[in-house]
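Student: I have a model open and want to learn to read it. Where do we begin?

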Amino acid sequence: MHKKSLYTLLGLLALLLLPSCLKDSKEIFDRSAAARIDELVAKDRELLESAPGGWRLQYYAGRDYSGPGFTLLMKFASGHVTIMGDNGDPELASTTEYAIVKDQGPVLTFPTFNAVLHPLASASLGHPEGIQGDYEFAILSTSTDSIRLVGKKWGNEMLLTRLPEKSSFEELLLGMLSVREEMTANTYDFILDGKPLAQGEINTTSRHLTATLEGKSYDIAYTFHEKGITLQRPLVLGGKSYQSFTWDSEKKRFTSGGLTIQLFIPKSHKPIDFWYGTWTMRHNPIRGWRKPTTLTLEAGDKANTLKGTLNFRGVDYKLILPYDPATGTITFVGQPLHDPTNKYAGGVVLIPISLADGRKLLSTDHSITFTWDEDQQQAIAKGSEMADGKVDSFFGVAYGEDLKPVVDKNGNYVFPIAMENIQEEQLKAALHSSHG
């Protein structure tokens, strides 16, 4: 009985001491985990600031890489980062704070507004999620020359790559812009080891490559580098992977190993200066007016724009038309116009209209694009179609001194410009050249 009582007492003591032991072990483990994260944070900060030439970030927006890819160049020093990128003004360099904070692991974050990075993660009018970009990144893994990141909100993986010590951000961006500017169309022929596969698209606006090759459909975001482009994930053809491509400026093609992606320029593609001159604007006849509406175009003040003079019923209105270098087309868009007659103090606002829907006013996102037709020797008009309708006309709404639309005695809007049915004859009426 004595031994049994002793064993029972020892057992009870062990049970009483067990929670205390577990608590001590847990505290030791927790302190160890926290210490490990602290160590990683310090090492990651040291790694970022150890690159005098900076880093290149292949940045992807949009859920599941559905948005565009951009290249951001970053240099870290003394808790600050300087960023330049090809997502906006290539000459803009923004220096702000950065931090590596603790979460479940180290997180690279940019707590103060950076004029290059943060617009990618900001909401915009009509787009509450913006382009679905990130400015906080969990650090997945590191090596001396690369850091794998994942956007905390949208989950896209991205790669930071160390740049050579004497890298110039300005020169790198100039190389990227040169490649992009020489991609003067969206359509490309895909050729593997000399064998044509199919035509596809490399779109400089969406920053996506789309093609169906060897029975598989691809839709892949890409980023520019100073010599070409890099795909977010590789094309796999004939058992080989192709991901980074070099641009040949003379032959207008991308190459990677045995894969060639050759620029295809259709007859409809025209350089911007082709559009210079005076054109006849075809639309429904104007009651009581027999002279045609003309549109005179010249070089714009900004890249890929044209300055236009629209002569409607003998009045000259100055406006701007965008030029798309990828398609060689020009676009008629809504915009405010100065009233040269001085009848309307608030000017005239050019607005897209659906005549087919009873002169319905459409959102200002609508436009009419003119594409040259080599066979018909005229520009073909095509209006945009959205949820609120399809544009086929443009009206100019008069505005008064109170910046409200002017109405007549019957309460109807006053339209100094009314170009009805620019797309008459099933989109075949458009611009007709009178400039030779």
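Student: How do the residues of the lining of the largest cavity divide into nonpolar, polar and charged?

Tutor: This is a predicted model: local features need pLDDT of at least 70, side-chain atom pairs count only at pLDDT 80 or more, and totals for chains, interfaces and linings use all residues. Residues are numbered from 1 along each chain as its sequence is written, and side-chain values use heavy atoms, without hydrogens and water. Now the general idea. Rolling a probe the size of a water molecule over the atoms shows where empty space is left. A cavity is a set of points, on a 1 Å grid over the protein atoms alone, where a 1.4 Å probe fits but cannot get out; lining residues have an atom within 4 Å of a point. Here the lining has six nonpolar residues, one polar and one charged. (Ala, Val, Leu, Ile, Met, Phe, Trp, Tyr, Cys and Pro count as nonpolar, Asp, Glu, Lys and Arg as charged, the others, Gly among them, as polar.)

Student: Which residues line the largest cavity?

Tutor: Asp44, Leu48, Leu108, Ile139, Thr142, Ile147, Leu149 and Leu160. Helix H1 (2–48), strand S7 (136–142) and strand S8 (146–151) each supply at least two of the lining residues. Helices (H or I, at least four residues) and strands (E, at least two) are DSSP runs, numbered from the N terminus.

Student: In what order do the eight strands close into a barrel?

Tutor: Strands pair if DSSP finds at least two bridges between them. The order is S10-S11-S12-S13-S14-S15-S16-S17, with antiparallel pairing. Five bridges join S10 (residues 187–192) to S17 (residues 259–263). Phe190 has Ile261 in S17 as its bridge partner.

Technical notes
On a 1 Å grid over the protein atoms alone, a cavity is a set of points where a 1.4 Å probe fits but cannot get out, and a pocket is an open set with protein on both sides within 12 Å along at least five of seven lines; lining residues have an atom within 4 Å of a point.
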